[in-house]
Amino acid sequence: MLRRLSSSTASPGPGGSAMLLQTDPVAANGAAQPMPCKSRVMSDNAILSLPAGLLAGNECYFLLTRNASDANVTTLLFSSLAMQGNDYLLLYDGNVSGVLNPADIVANMSGTREPFLAVFSSNVSTVMVHITSNDSRSNFTAMLSLHGCEQDQSLTPGNLVLLLSPEYSPSQGSFQCKYKVSMNGSATDSKLALSFRNFNLPGATLNVTTDLNATQELTGANHPADVYADTSIELVLSIKGSVNSSQDFIAFVSVISKACQGVKTVNGSGYINFTVPELHPYQQDCRVTVKAASGKSLLLNVTTLQLSQGDALNVFDGASVTGRQLAVFQTPSQPYILVSTGQDLLVRLIVDDSPGIRNVVIKITEQVEGGLYSNSNFTLQYPGSNTTQYYLLKTSSQEEMLQILLESKPENGTYAIIVYNRCTNNVLVTFSPKNLPFPLAVACTEVLLEATWFESRQNFTASVSDTIKAALGSYTITSTPDLPPLCRLTIIPQVKGLPVTEVMLPLCSLVFSGYTSSNLSTTLVSVYYQVVNSVCGGVLPLPSGRMTSPRFPNQYPLNVDCTWILPNTSANTSVLFHVENFSLAQNHSLVILSEGGEARSNFTVEHQPTEDLLYTRAGSDSITFSSARQNNLIGENQVSQGFALDFWILECGRNLVAKSSEFSTPGFPDKKINTSLCVWRIQLPPTENGIVNIVNLTLTIVASSEVKV
């Protein structure tokens, strides 16, 4: 957004005759000093910042002046920027003297900014700050370079160098920025690591060269992998003229440990071992990039974790430490299974300088299927062998949760899908052909699916008296028939929880061979999931409405706990509940509670609603629905269609239980009521013979009200 300059500074500007400019001060020893306002800055490495005490309406100018023979661009590196209120900073590629050309505006900023780099092509360019209040605390700190867009720094262990792409005006022509970071000569046991936090170069190229004779050309928006070098890394950013100025990257170079950096290519499975001696001179930063074949994902399982306080094992999705962090393991945390999105993972071990042996062993396995998912549905497919595949569903926010629906496709497949709540590492449910999938809600940001498949033909050989472990399916036994007596073969499935199959065999104490036959199709189960803040619950609208179980009229999810609040608007109001549909599974409930927590009704599969519920209340009410998982994970955790519950807040109406009574609308007959519905329910006590007769009911109706009996 372009802000208009105030009339007092539009003309003459800082280049006009009415403006008195100071040249930048230099100390006696030649060191550059911070600049006062209204300065012409001509010294390399000059420091710019705002002086204190600026009043409202003031505008502080700096003219950046460069000899044309020195370089083709001027740069200004901002280490901090904080503009308070309506104060703003304008960076202009030229001398502000009259009307601004929008094409020459490098930046026009308010608020706070992280460090950034500005580039100016004009020999004279302008920095201007406009102050709008007397107590302004706006400020910035920037360093000027008059020798082009170049950065050359030396790095020692424990520090890092920040590299920033430049901001420039739309009229800027083609130019280059060069960055070089070198290792301090004494750090022979260390390496350099280049990591990109942001990367978006649609109209530019970034060439990265290391002392290992490796050059990469980076462009576009794909996040680059980390780059490693022994002693130096050079970057050359080439920006073409007349392109949009939204070229952006933020990178940093850090020092890592040379002895434990590397690339691990996995073919099937393998191990990563980190062993740090008991005595080590300083902090260790170990990084290993793990790569699978194209089209495969990676499964990571920490089998040994011996760390000290202050150490950390980090795992990132992709080939960079700026990628999505999957986990941080520290003493005494318990490691768990991790899954990658694609073919790369990066493992980083940070060890502090305290003495003590560190030992970390990690098993890495390729997966044909499986993977990490965060925003798309997917299909669980048969991988072509009797293997277990892992699928990790992960939300992007700690305040979100997951709602999952699995749909089984083939009926003759043999599989087991175990669903884990990663927040508690507990098994929620196991799905199989005998326990078909149903909706499931998980109050956690991560859910792990462990999918086990069986080959279409699984051979076995055993004696009759043995217990055979095999997949479910149809069995063909080949042996000499018709040998008495009859014997029973027990077949126990390999997946825990599936039912046991017994086969009657006409042989005894003989050896036989056979195979299972389950013709699995390619697609077994489709997984649909939503990321939601809450599955159900909230404050109900007034004066009437409807609440339903999640996903109604479809099956509600397992493992749901919902609470609806019905607020109280005035004293002594009544509420009417009418249950339109009701179908809950075993051990699931719908409870209506008073403000004090008293259960007015508790509906379950054994106690279903048979009539409307009407009562007078003194406060707010709540309605809770629970479809909690039971301990038995197989077969009993089915769900059902759920419920639809209508409600009305009534200004008049109640239950009548006396043998005789009168009732009327409030203020009858003089006062009209605002409500559209009043309900009275007459429930007389039974007589000794169990018969109740209402002998007389007299109604007096005023105006155009409608009465239903």
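Tutor: With strand pairing: two strands pair if DSSP finds at least two bridges between them. Keep in mind that this is a predicted model.

Student: How many bridges join β5 and β9, and in what sense do they pair?

Tutor: There are five bridges between β5 and β9, and the sense is antiparallel. In this pairing Thr74 stands opposite Phe120 of β9.

Student: Which residues does β14 cover, and in what sense does β14 pair with β9?

Tutor: Strand β14 covers residues 166-167, and its pairing with β9 is parallel, over two bridges. Here Ala118 stands opposite Glu167 in β14.

Student: How do I read the two faces of a strand?

Tutor: In a regular strand, side chains alternate between the two faces of the sheet. For β9, one side carries Phe116, Ala118 and Phe120, the other Leu117 and Val119, and all of these are buried. That covers five of the five residues in β9.

Student: Next, ring pairs. How many aromatic pairs does a search of the whole structure find?

Tutor: The search finds 13 aromatic pairs. One of them is Phe78 with Phe116, a stacked pair with 4.4 Å centre to centre and 5° between the planes. Phe78 belongs to strand β5 (residues 74-83) and Phe116 to strand β9 (residues 116-120), so the pair links distant parts of the chain, 38 residues apart. Both Phe78 and Phe116 are buried.

Student: Why is the pair of Phe582 and Phe603 edge-to-face?

Tutor: Planes over 60 degrees apart count as edge-to-face. The planes of Phe582 and Phe603 stand at 75°, with ring centres 6.1 Å apart, so this pair is edge-to-face. This pair also links distant parts of the chain: Phe582 lies in strand β48 (residues 573-583) and Phe603 in strand β50 (residues 599-603), 21 residues apart.

Student: Are Phe582 and Phe603 buried or exposed?

Tutor: Buried means under 20% relative accessible area. Phe582 has a relative accessible area of 16%, so Phe582 is buried. Phe603, at 8%, is buried as well.

Student: Which residues do ring pairs link into a cluster?

Tutor: Phe62, Phe78, Phe116 and Phe140 are linked in this way.

Student: What should I look for in a nonpolar core?

Tutor: In soluble globular proteins, nonpolar side chains tend to be buried together. In this model the largest nonpolar core has 48 residues, and those with the most contacts inside it include Met547, Trp564 and Ile623. Strand β53 (residues 642-650) gives the largest share of this core, four residues.

Student: Why does this core lie between domain 4 and domain 5?

Tutor: Domain 4 (370-465) and domain 5 (534-630 + 638-685 + 698-708) both give residues to this core, so it lies between them.

Student: Which residues does Met547 touch?

Tutor: Not counting residues up to four places away in sequence, Met547 touches Leu540, Trp564, Phe577, Ile623, Phe643, Ala644, Leu645 and Phe647. Apart from this core lies another, of 35 residues, among them Phe274, Val347, Ile362 and Leu372.

Technical notes: Residues numbered from 1 in each chain as written. Predicted model: local features only at pLDDT ≥ 70, side-chain atom pairs only at ≥ 80, totals over all residues. Heavy atoms only, no water. Phe/Tyr/Trp six-rings, centres within 6.5 Å; stacked < 30°, edge-to-face > 60°. Buried < 20%, exposed > 50% of the residue type's maximum accessible area, 1.4 Å probe, protein only. Core = buried A, V, L, I, M, F, W, Y, C linked by side-chain atoms within 4.5 Å. Domains from an automatic or database assignment. Contact = heavy atoms within 4.5 Å.
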